[in-house]
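The following exercises are meant to be worked through with the sequence and the coordinates at hand. Each task is followed by a solution in steps.

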Amino acid sequence: MLIAPAVAAGLLVLPAGGVSATAGTVTLKPVADALVSSAAPGRNFGRARALMVDRRPTELTYLRFRVRGLAGRVRRATLRLYATQVRGHGLIVAAVPSHRWTERRITFANAPRAGRPAVRTQVPARGWISVDVTRLVGRAGTLDLALRSAAPPGMIAFASREVGARAPRLVVTSGSSDPVVAAAGNITCDPTLPEFNGGNGTATDCHQKATSDILASTKLAAVLTLGDAQYGCGGYSAYQQAYGPSWGRFLSITHPTPGNHDYVTTGGLDCDPSGHAGGYFRYFGAAAGHFGLSYYSFDVGKWHIVSLDSQCVAVGGCGVGSPEEAWLRSDLTAHPAKCTLAFWHYPVFSSGTEGSRPDAATFWQDLDNAAAEIVLSAHEHDYERFAPQHVNGTASARGIREFIVGTGGRMRHVFATVRPNSQVRNNSTWGVLELTLHAASYDWRFVPVTGGTFTDAGTTSCH
């Protein structure tokens, strides 16, 4: 077992007592932490400057927080860890029901048993990571967590509370009134498919009901569909029979964008033979616009949000000077918001089976020129988060962060070539992305369906 060396001072210095609070958010340092190792089952490592997870030997980390200073209902809880060594990438977090262990006495031999895995995530590289543990933090009190290795396995070391500025911390937001929007694409199966199974789906497909139940669990300001909301051809009857009973429950707050399946003319129930996405426009009505003018914008809180159509043939092209691109430049000039989000179907950057697509690259450049923050897409049947970047693929804090959220319910696909600046990828979990839109920043959180353990969370300031 290797104990990591001391780490230099880092991001955030907390006052004595380990609590800082701003606008309904408290940041808590652990009151106890320790690693335990099967290689030394009777030895205590409570004073070590490193926390670890590994499989050979088995190494576990225990953390204890005193959750206090809440302003109301817990809206989000994020575990922040500073990774000092990364030889594996998989991490599991679970609750520990027993509070009887102490930092100075815990060993592998006497460590309490952890509960079932609650969160499964990836540690991509050294540095700070954020793990969404909202489901484990229900109220004020003592919270004990256990960390262990997951696939891909290998040793991961984190700075312990003895390190100071890079010590673990728990960031809990409660009572916030800032708006929350939810987004996903690739959502609902054609009701004639056997896998639709009366709306209940199967083990591998048609999980639109489960993802729609996530929407019902949070007070949302808006729902953004990222294209291909209804397979296989976006027929009006299919929307009524399949999308309607699931995501259609939130139609009054839904802002859609069309996907390629909305424009196809065969392959499902009640297809539009004209190729004009008649079922899509009829179902969503005025919220979707109409054929040839399927792009629009609106505001949520302090944010300006733009819905664009990346099916370029249907809108007269997506290049410089096209009707949609000219409208976008005009709209961004008329709405110089501090924070801007755009969404469309085809991803400009992707590690999925379809790969990166140039269809909306001009839109990206226009948004980048306007200092936009976020682009949301789907098409790929996976979840992927990229670092902020420019349209040429250069990473930059002033660039746009892309999220691909093709996890709304349809079957999942494998990844192909991992693209530069890809930070987090998952193709094993259905779920939705929730974004809390603050006046000058945003929080993101991937919320899995019931039974799912993968999640992804973080926060970033607007430009």
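**Exercise 1. Helix 6 and its surroundings**

Task: determine which residues of helix 6 (residues 361-369) are buried, and state which elements these residues pack against.

Solution. Step 1: the buried residues in helix 6 are Thr362, Phe363, Trp364, Asp366, Leu367 and Asp368. Here buried means under 20% relative accessible area, exposed over 50% and partly exposed in between, with a 1.4 Å probe and protein chains only. Helices (H or I, at least four residues) and strands (E, at least two) are DSSP runs, numbered from the N terminus.

The model is a predicted one, in which local features need pLDDT of at least 70 and side-chain atom pairs count only at pLDDT 80 or more, while totals for chains, interfaces and linings use all residues. Residues are numbered from 1 along each chain as its sequence is written, and side-chain values use heavy atoms, with hydrogens and water left out.

Step 1: the packing partners of these buried residues are helix 5 (323-334), strand 18 (339-343), strand 19 (374-377) and strand 21 (401-405); contact means heavy atoms within 4.5 Å.

Step 2: just after helix 6, the backbone at Ala371 has a positive phi of about 60 degrees.

**Exercise 2. The disulfides**

Task: count the disulfides, give the order of pairing, and describe the link of Cys189 and Cys206 and that of Cys339 and Cys462.

Solution. Step 1: taking a disulfide as a pair of cysteine sulfur atoms within 2.5 Å, the count is four. With the bonded cysteines of the protein chain numbered in sequence order, the pairing reads 1-2, 3-4, 5-6, 7-8.

Step 1: Cys189 is bonded to Cys206 with an S to S distance of 2.0 Å, and the link is left-handed, at -90 degrees about the S-S bond. Both cysteines lie in the loop between strand 13 (180-184) and helix 1 (208-216), so the pair ties together parts that are 17 residues apart in sequence. Cys189 is buried at 0% relative accessibility, and Cys206 is buried at 1%.

Step 2: Cys339 is bonded to Cys462, also with S to S 2.0 Å, and this link is right-handed, at 115 degrees about the S-S bond. Since Cys339 lies in strand 18 and Cys462 in the segment after strand 25 (456-461), the pair ties together parts that are 123 residues apart in sequence. Cys339 is buried, with 0% relative accessibility, as is Cys462, with 9%.

Step 3: in a further disulfide, the sulfur atoms of Cys312 and Cys318 are 2.1 Å apart. The torsion about their S-S bond is about -105 degrees, so this disulfide is left-handed. Cys312 and Cys318 are both buried.

**Exercise 3. A glycine in a loop**

Step 1: The C-alpha atoms of Gly393 and Phe349 are 8.3 Å apart in space, and the two residues are 44 apart in sequence.
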